[in-house]
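This report examines the fold of one protein chain and the packing of its elements. The sequence and the model are shown first, and the description follows.

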Amino acid sequence: MPAKNKEQEQEVLEWIGQVLGEKMPTNIPYEDQLKDGVVLCNLINKISPGSVKKIQTKGSNFQLMENIQRFQAAIKKYGVPEEEIFQTADLFERRNIPQVTLCLYALARITQKHPEYTGPALGPKMAEANKREFTEDQLRASEGHLNLQMGFNKGASQSGLGSFGNSRHM
């Protein structure tokens with residue numbers, strides 16, 4: 001299990017605070033701020049409005065765990081790859097807090113793919129497609145090079161190569 005990384009956790013909390021437009025408390029441990037799923041549900045609703053319809057602000061453990069499950073379903077729909085989404089117990093029972101952090105980094109990364117998201121970014125920006133524009137002359141100039149390679153095998157062919165599909169006899 002990866003070790004907890006305080007800097008990353010702090011970075012994630014700051015990002016969540018920026019997205020929500022509120023200051024995250026610094027005196028409450030990271031996992032305790034996220035544990036009931038309320039902050040997470042508010043986060044995905046801010047990123048993608050209406051993602052989580054019902055948020056339990058208090059209630060039994062079961063009801064609070066439902067918040068986490070709703071958040072997980074919402075971020076999956078938003079495009080976070082399933083293998084990057086933490087399990088409910090990772091957060092609720094503190095089994096794997098680093099996975100929660102990785103998942104939130106993944107969510108932040110995916111926001112970069114959504115042009116409608118204009119909120120703050122977390123971590124490195126996703127690479128954009130690198131479009132290259134060529135003039136007609138440049139394209140025509142390159143055609144000459146291709147023709148030299150295409151079919152330029154000095155009469156070599158694969159005829160007589162009877163070994164295709166046969167096992168090698170030793």
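The model is a predicted one. Within α1, the buried residues are Glu9, Val12, Leu13, Trp15, Ile16, Gly17, Val19 and Leu20. An α-helix has 3.6 residues a turn, so residues three or four places apart point the same way.

The length of α1 can be checked against its residue count. At 1.5 Å a residue, the 15 residues of α1 should span 21 Å, and the end C-alpha atoms are 21 Å apart, so the two values agree. At the start of α1, a side-chain oxygen of asparagine 5 lies within 3.0 Å of the backbone nitrogen of glutamate 7. Just after α1, glycine 21 adopts a positive phi of about 70 degrees.

Isoleucine 16 belongs to helix α1, which comprises residues 6-20. Is isoleucine 16 buried or exposed? Its relative accessible area is 0%; because buried means under 20%, isoleucine 16 counts as buried. When neighbours within four places in sequence are left aside, isoleucine 16 is in contact with Met24, Leu34, Val39, Leu43 and Leu104. The C-alpha atoms of isoleucine 16 and leucine 122 are separated by 9.2 Å, although these residues are 106 residues apart along the chain.

The contact between α3 and α6 also involves Leu43 and Leu104, among other residues. How are these two helices arranged? Helix α3 (residues 38-47) and helix α6 (residues 97-111) pack at an angle of about 10 degrees, with axes 12 Å apart. Angles under 35 degrees count as roughly parallel, and α3 and α6 are therefore roughly parallel to each other. The residues that form this contact are set out below.

| Helix | Residues in the α3 and α6 contact |
|---|---|
| α3 (residues 38-47) | Leu40, Leu43, Ile44, Ile47 |
| α6 (residues 97-111) | Leu104, Leu107, Thr111 |

By class, the contact of α3 with α6 consists of six nonpolar residues, one polar residue and no charged residues.

For the protein chain as a whole, there are seven helices and zero strands, and the pattern along the sequence reads α-α-α-α-α-α-α. Of the 170 residues in the protein chain, 34% are buried. Among contacts with a separation of 6 or more, 54% are between residues 24 or more positions apart.

Conventions
Residues numbered from 1 in each chain as written. Predicted model: local features only at pLDDT ≥ 70, side-chain atom pairs only at ≥ 80, totals over all residues. Heavy atoms only, no water. Axes fitted to C-alpha atoms, helices over the stretch in contact; angles between N-to-C directions. Helix = DSSP H or I, 4+ residues; strand = E, 2+ residues; numbered from the N terminus. Parallel < 35°, antiparallel > 145°, perpendicular 65-115°, else oblique. Contact = heavy atoms within 4.5 Å. Nonpolar A, V, L, I, M, F, W, Y, C, P; charged D, E, K, R; others polar. Buried < 20%, exposed > 50% of the residue type's maximum accessible area, 1.4 Å probe, protein only. Expected span 1.5 Å × (residues − 1). Polar contact = N/O pair within 3.5 Å; in protein donor to acceptor, adjacent residues only side chain to side chain.
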